[in-house]
Amino acid sequence: MSSSLKSRDPEPAKTDAQRSALIEVRDLSVSFVDKHGERFSVLRNIDLSLQPKAIMGVVGESGSGKSTLANAMMGLLPKNAVKEKGDIILKGKVVDPIALRGRALAMVFQDPMNALHPVMTIGTQMVDAQRARFPNHLIRELRKRAAEMLTKVGIADPEKRLSCYPHELSGGMRQRVMIAMALLVEPDLLVADEPTTALDATIEAQIAELFRASRDTLDGATLFVSHSLGLVSELCDEVVVLYAGAIVERADVAELFNAPRHPYTRALIACEPRSDDQSDEAMVSIPGGLPDLSSLPAGCVFASRCLHASQICRQIAPPLVTAGQNHLAACWHPQ
Amino acid sequence: MFRYMLWQIASLIAVLVGAVAVLVMLTDLIPGDAASVLLGSRATPDAVSALRHSMGLDLPAYQRVARFLWNAAQGNLGTDAISGHPVTGTVLRAVPNTLMLAFGAIVVSIGLGLPLGVHAAEKPGGVVDRCTAFIAVGLISTPSFVIAILLLLVFSVRLGWTPVLGGGEGEGFLSRLHHLILPVVAVSFGWIGYIARQVRASLLDVLGQAYIRTARAYGLSNRTVLYKYALKVAIIPVVSILGVGIGDLIGKSVFVETIFGRPGLGALINSALRDRNYPVVQAGVFVVVVLFVVTNAVVDLIYAWLDPRIRERFFRHGDQ
């Protein structure tokens, strides 16, 4: 069996999903340290595994750590961040994401207005972005690839666009350029950190469509960070719900939206404004706020805002356990 | 673009007219009539009024401005009030010396200030950064004439490595360079520190921008990120500082040229002022203003060349 060949694997016991995983995050914890030396725990014990061609959605409110997770997977954590523990595992090997940027990893950022260099042409930037991945290609070849990719992401007249500067393009167009750039690298993991948040609604739909279509081009997995549940439900295969730096629920997309087990997930879904909602009902919101990340409660991080919280919730943190078919939830009282 | 150029030339001329007007008025404002000061207290009234007439001082101010500009346009900057020679030749002989000094100082300031600033920004709070900050404050706050005198004492008088006086006129290129070393160092000292600090601040700001994160996310080397991506934007404010700095450079060269006895514009204006040789002062300052305005126009063009966003604004300006 091939398992004997893989005897150097970090962990012998694996589920089916993990065995075919392209990229995994194992037990990742990240803290921020402020200038007084105080530690804020922004990510705790994160486990993820992504299959080839799969799109995994990461949702949660602001401050839940979803962008930090995206940046940690790219090795792009800010200077005041400390990786406490954990590994990124690519094709069964523990890797340093910094060494893989632009090769196995590529990223699309939130704000396309600032993510492109203002005084360099689109073409130069798209060529440079491929340099790490294709070091032996001629600039001419890389430029040709860039033009072809621009066509694929729906930009007409690509040759002309390559000599444009970012300020000559619209926001949606710039985000298309960013996506083209990411696809050019042919990454094993494409990280998209709220790629539609800065765009208006019609453009948002187009960009989401582009991510869906990118599966034809991209063999790698996509980590799609978003605060829009609607977008995630349409686009992703699997969803991870983050709250205060921890995974509270993880499931296939249909399962999560049809049968959410964690009270926080249920509340999030209830808060999502529906575009077909004609009623005058007031917007629902979850009362309370995130716990203090510098001194987390002993029990469940959501207990202070949870309607179902009991004695045990305030004392012991619930583990992330199976709550259905390929469904995990961290709750003492799953719904 | 063409209209932009026209607009630039028009504003250039306006600045020159304004500068000449101020110069002419200064001659009026300085206590004592220029002609009687030149001739001394025992001159006869006839002699004074004759000189006033030949210097054109009896004309109303606006006519003097017009006459100066008209003559200047034809290459005549006036007549030396003491020697009676045309001033143009005197000034034009001084210009290359000053240009060499200014150009040398710019090259040295950028050549040293830029890498220092980049190194300081690379590791903020590191050894290079702290040293640069310390030295820069020292360099900026020490007047250039103090540095000039110290350099002169140490390197020329004590060690004898460099010539004491003059610009090496009439000698070979190497001798001219040799004469240039100390004055250039004296003028550029403060600028090295200033540019290093500016580059550092500007670069730190740019390194925090999202497009730098993009470059890093695509695995570009630290070197490429720093020198190709970051510096391209960080250099833009530094260029505009240089534009303004030309004036400071010329101001400093007045002192430095005087101390080193370099026959440049600064030294010429300085000695003409002491002699109350107003036509020479006027011509000298006029040429300085021309140099200043022209370098600023060049800096504007460099600015537009560096930043396509500004370039586009120029084009739009031209389309109107």
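1. Let's start in chain A: β1(A) and strand β4 (residues 81-90) of chain A pair in the antiparallel sense over eight bridges. Strands here are DSSP runs of E with at least two residues, while helices are runs of H or I with at least four, numbered from the N terminus. Two strands count as paired if DSSP finds at least two bridges between them. As a reminder, strands of a sheet pair through backbone hydrogen bonds, either parallel or antiparallel.

2. Before going on, a word on what you're looking at: this is a predicted model, where local features need pLDDT of at least 70, side-chain atom pairs count only at pLDDT 80 or more, and totals for chains, interfaces and linings use all residues. Residues are numbered from 1 along each chain as its sequence is written, and chains are lettered from A and ligands numbered from 1 in the order in which they are written.

3. Strand β1 (residues 23-33) of chain A also runs antiparallel to β2 (residues 39-50) of chain A, joined by eight bridges. In this pairing A:Ile23 has A:Leu50 as its bridge partner, and A:Phe32 sits opposite A:Phe40. A:Phe32 has a bridge partner in β4(A) too, namely A:Ala81. Five residues lie between the strands of the β1(A)-β2(A) hairpin, and A:Gly37 there takes a positive phi near 85°.

4. Put together, you get an open sheet of four strands in chain A, ordered β2-β1-β4-β5, with antiparallel pairing. β2 and β5 (93-95) of chain A are at the edges with a single partner strand each, so one side of each has no neighbour in the sheet. On average, neighbouring strands are turned by 20° against each other, direction ignored.

5. Have a look at helix α3 (residues 66-74) of chain A, which lies across β1, β2 and β4 of chain A and runs at about 65° to β2(A). Axes are lines fitted to C-alpha atoms, for helices over the stretch in contact, with angles from 0 to 180 degrees between N-to-C directions.

6. Now the two chains: 21 residues of chain A are in contact with 17 residues of chain B (contact means C-beta atoms, placed from the backbone, within 7 Å). On the chain A side, β6 (105-108), α5 (112-115) and α6 (122-131) each supply at least two residues.

7. In chain B, residues 133-157 are 92% helix and 0% strand, with end C-alpha atoms 31 Å apart. Residues 229-250 of chain B are 100% helix and 0% strand, and their end C-alpha atoms lie 33 Å apart.
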